[in-house]
Amino acid sequence: MTEHIHPRSMYFKTFALLFVLLVLTIAAAKVPLGALNVVVAMVIAAAKAVLVVLYFMNVKYSSRLVWLWAAAGFVWLFILFTTLSDYITRDWIRIVGWQ
């Protein structure tokens with residue numbers, strides 16, 4: 001297996017794009033969107049995570065098995081957030097007869 005040589009410009013462009021997304025996250029937090037603020041922030045955070053995984057962790061030039069494991073990590077993260085949202089949104093009302 002040969003290693004892929006990355007130009008420095010790729011890292012600088014990725015860093016610049018991550019910085020732009022950071023500024024976009026800060027700007028989106030200042031706009032009152034109600035419940036959509038969390039959705040917008042999560043979409044931007046997901047885009048930043050994909051950039052980091054693809055370029056800084058070199059998944060873009062790796063084998064399909066590495067791609068599969070990276071995707072499995074994102075699926076697992078989605079499952080964790082789904083169960084957390086279920087736990088957080090439950091009503092905490094005591095039911096008569098339950099202890």
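Predicted model: local features only at pLDDT ≥ 70, side-chain atom pairs only at ≥ 80, totals over all residues.
**A walk through a three-helix chain**

Zooming out for a second, the chain holds three helices and zero strands, and reading along the sequence gives you the pattern α-α-α. Back to H2, which runs over residues 36–56. Its 21 residues reach 29 Å from the first C-alpha to the last, close to the 30 Å you'd expect at 1.5 Å a residue. Just past the end of H2, asparagine 58 takes a positive phi of about 60 degrees.

So much for the backbone; on to the side chains. Within H2, the buried residues are Ile44, Leu51, Val53, Leu54 and Tyr55. For a close-up, pick leucine 21: leaving aside residues up to four places away in sequence, it touches Ile44, Ala47, Lys48 and Leu51.

Now for the chain as a whole. Buried residues account for 13% of its 99 residues. The chain exposes about 8,600 Å², with carbon and sulfur atoms supplying 74% of that area. As for contacts, take those between residues at least 6 apart in sequence: 56% of them join residues at least 24 apart.

Definitions and conventions
Residues numbered from 1 in each chain as written. Heavy atoms only, no water. Helix = DSSP H or I, 4+ residues; strand = E, 2+ residues; numbered from the N terminus. Expected span 1.5 Å × (residues − 1). Buried < 20%, exposed > 50% of the residue type's maximum accessible area, 1.4 Å probe, protein only. Contact = heavy atoms within 4.5 Å. Areas by Shrake-Rupley, 256 points an atom, 1.4 Å probe, with all protein chains shown as cover.
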